[in-house]
Amino acid sequence: MNVVIVESAAKAKTINKYLGRDFRVIASIGHVRDLPSKDGSVEPDNDFAMHWDLEGRGAKVMKDIAAAVKGCDKLILATDPDREGEAISWHIMEVLGDKKVLKGVHVERVAFNAITKQAILDAMKHPRQIDQPLVAAYLARRALDYLVGFNLSPVLWRKLPGAKSAGRVQSVALRLICDREAEIEAFKTDEYWTIEATLANEKAQEFPARLVSIAGTPLKKLDIKDGVTANAIKAAIEKGDFKVASADKKPTKRNPYPPFTTSTLQMDASRKLGYSAKQTMQVAQRLYEGVDIGGETVGLITYMRTDGVQIIPEAVSQIRDVISAEYGRNYTPFAREYKSKAKNAQEAHEAVRPTDPRRKPDQVKRYLEADQAALYDLIWTRTIASQMAAAEMEQTTIEIAVQGRDGKPYGLRASGSVVTFDGFLRVYQEGRDERARLITKGKDDRADADDDDSRRLPPLAAGDRLKDKGIEAEQHFTQPPPRFSEATLVKRMEELGIGRPSTFASTLAVLRDRDYVRMEKKQMVPEDKGRLVTAFLKSYFQRYVEYDFTADLEEKLDLISDDKLEYKQVLRDFWKEFTGAIDETKELRVTDVLDKLNDILGPAIFPAKEDGSDPRACPACSAGRVSLKVGKFGAFIGCSNYPECRFTRQFSDTGNTGEGASPEGRLLGTDPETGLAVTVRSGRFGTYLQLGEAKGTDKPKRSSIPKGIDAATIDLEKALQLLRLPREVGMHPETNTMITAGLGKFGPFIKHDGKFANLESMEDVFTVGINRAVTLIAEKAAGGGKSRFARAKPTALRTVGEHPDDNGKIEVFAGKYGPYLKYGDVNATIPKSKDPATVTLSEAVDIIAERIANGGGGKSKKKAPAKKAVAKAPAKAKAPAKAAAGAKPKPSTKGAGKVKAAE
């Protein structure tokens, strides 16, 4: 019997069908052990010894693997063909070695880029040993991430209350987002005007032309600064004698894009499909691991974590055959060869492509879920297009002259292009980023050049007279750079060499999960705490959030994986400087930190006033100065005259002039029922409404302003509605008890006899009547419970699939505390980092296994015993070097608690 180890249950199920009865395929469900989230897991003073924990799910999996390996003929490690896959195989070997079950067992490592029968059988014919330099690179990366996270995060906690954590790659990505926000805030808008003429030739064919020169001097973008100048130019050339000065035509070619890497797949899926980086990788994982196509389980795409763009010759030949059959031989005149731009493409080396290009998207669509079908179509078309002929175009530039009434010669230009042979454009066009959107009047026109070039012009020749059909002077304003989307951030990180393809999705997920950024209209906006953390790190740990430093460290990790650098030396060099930076912060006081952050963030949180007055003067008392402060719930702005002046506002509420933030607030009017003033106020937790003033120990009635209502424009009527919540709807006709409507943590609701029913919208709170309320309560009560008002029986949101052990159904449900998985009598919460709509079968099995291992129901409630191991250096690792003389002791991290040292 031969035992084969892979990562996921879905992958194991597929491969088992290919290998037959002589093989038993077992899933490790990802990593089987990791560095525990506590102090001392990496010991710099002990030559960076790493202590691994094998507990919970990992212990159970390794027990099963060890039992299977005993007495087997061969152990085949078939984990993924990248650094993480190599590390999983190494961990499994280490644990099995400690268990002493490998005696007499032949061990092989195989790697494959696609899960097809041919790829698996070919891999089995070409075994190798574990790649020790790849393992060394993994150990270095894991140690670095731990050392940064578990030494820097406690500094943040002590010096910057409210901050959660810092990470080696995570913090640099956050800096990119915060720096872009600072650029946007500092941006000064400039007004400019353009002159565009609609002209027609002798055949009355119209086309647009833009003014490009005056009196022989080329116009720059901002040269026409106001409407007076623009309209004067317009008047000078209207109804003028327009003539074609020259007509230049030249052929151009546009080559196809290379096939997808991990990052380019994430970018295009974001642009075209609206997928997040995490969702893209989850869907791609399912396509890679195998889908049932007409009774045959087969992987539809190659391995999706890669920075390579090359395709093996056999696949290129198949792709060209498909192109010839579908579009003709002239669409694939020669085989194209692509080379990766990465300095050391250490991931799986082939591009992301269909395993068989003959499986067209429309043929497999019926076997796939909607998100799978969309992503497969994207990968298939990009791959096919990469081997197609270049698109051929004829580019035309028309220079036009007109003599103005003011005696000045004016020059206009019309440009366009005609596709003479579509080539790869017949199949695929890359998505465009935010700046390539259509531009409307009053917006920036950075995409106009693209629109002009794609415009088709009528036949024109030098000397042709043109008729003026209209002259328009258009006003524009320069726009700040756009915020990063996930696609553009991934692109920028790749350009700077920050992180690796396999880490982009998890890095972005960490920033959201820790509330450092939020998504608004698919753009990444830094939260207050994210900006504070970035400002702190730039002030006291600047070297470690510099783009060049992070990229240089990535290059060193690549050199380690290429066996050109010893990994512990990289750790020694890093640690020596890093401990020095940590030591320099020991004597820092929180007040020192806040003073520095006030200076750094001053232009953003205290913007200059138009009247030139002090932007930090307290708007409430005038005598004090406002500054950044930290409290139990994070940062806020407060007055230096506290407690005499209790002015506060949110950190990011820079537009507050004080009118609505003073103790008196902004007066909306008077409540006709009570005669009390209704005001809008701003506190550290946001804007709110208040009725009257405090009297002694009696507090006035207050109401927060819910999302969807603008505090700046709220009127007295809406304010009174909110202040009067909960609203009495009426007596229930059967129970004679009051039904009320209100707003709660989970949205709008009606309440009756202690039971709640949801309302569809916030407006329903103010308008729902007694009949509708009684109906909603009855519907809620009829949901399937035994008692009259019992909770409705939960309905599955989706079925993930069948558990590979017993074919039991795994389903996703919505619970009171969030989405969860149900498998038999086991309920397992879905982690916040995973999307319940796209969680895969292998991920679900992993989550359920961990829940069972921790005593969460199921067949076994006994928690597996924790096991520890000290990492052994890879075979080629050099002997431990003694600590450098005079090296500083490592900073204490006691009390650091559990914090994830994520990238």
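**Helix packing and strand pairing in the predicted model**

Helix 5 and helix 16 lie roughly perpendicular to each other (a label for angles of 65 to 115 degrees). Their axes cross at roughly 110° and come within 12 Å. Axes are lines fitted to C-alpha atoms, for helices over the stretch in contact, and angles run from 0 to 180 degrees between N-to-C directions. Helix 5 covers residues 132-159, and helix 16 covers residues 528-540. Helices (H or I, at least four residues) and strands (E, at least two) are DSSP runs numbered from the N terminus.

The model is predicted: local features need pLDDT of at least 70, side-chain atom pairs count only at pLDDT 80 or more, and totals for chains, interfaces and linings use all residues. Residues are numbered from 1 along each chain as its sequence is written, and side-chain values use heavy atoms, with hydrogens and water left out.

Mean pLDDT (the predictor's confidence in each residue, from 0 to 100) is 83 for the chain. A score of at least 70 is reached by 86% of the residues. Two stretches stay under 50. Residues 433-450 form one of them, with 37 contacts beyond four places in sequence; contact means heavy atoms within 4.5 Å. Residues 858-868 also stay under 50, with 26 such contacts. Where pLDDT is low, predicted coordinates should not be read in detail.

In the contact of helix 5 with helix 16, helix 5 contributes L152, V155, L156 and K159. Helix 16 answers with V533, F536 and L537. Six of these residues are nonpolar, none is polar and one is charged. Ala, Val, Leu, Ile, Met, Phe, Trp, Tyr, Cys and Pro count as nonpolar, Asp, Glu, Lys and Arg as charged, and the others, Gly among them, as polar.

Helix 16 also meets helix 6, residues 170-186. These axes come within 9 Å and cross at roughly 105°. Helix 6 and helix 16 are therefore roughly perpendicular as well. From helix 6, the contact includes S171, L174, R175 and C178. From helix 16, it includes G530, R531, V533 and T534. Five nonpolar, three polar and six charged residues make up this contact.

Helix 6 has a further neighbour in helix 15, residues 504-513. The two axes come within 10 Å and cross at roughly 70°. That makes helix 6 roughly perpendicular to helix 15. Q170, A173, L174 and I177 of helix 6 face T507, V510 and L511 of helix 15. The classes are five nonpolar, two polar and no charged residues.

Strand 31 (residues 818-823) runs antiparallel to strand 32 and is joined to strand 32 by four bridges; pairing requires at least two bridges found by DSSP. Y820 stands opposite T829 in strand 32.

Elsewhere, strand 25 (residues 727-731) pairs with strand 26 (residues 738-744) in the antiparallel sense over four bridges. M731 stands opposite M738 in strand 26. The two strands form a hairpin with six residues between them. In the turn, N736 has a positive phi of about 60°.

Note on methods:
Angles under 35 degrees count as roughly parallel, over 145 as roughly antiparallel, 65 to 115 as roughly perpendicular and the rest as oblique.
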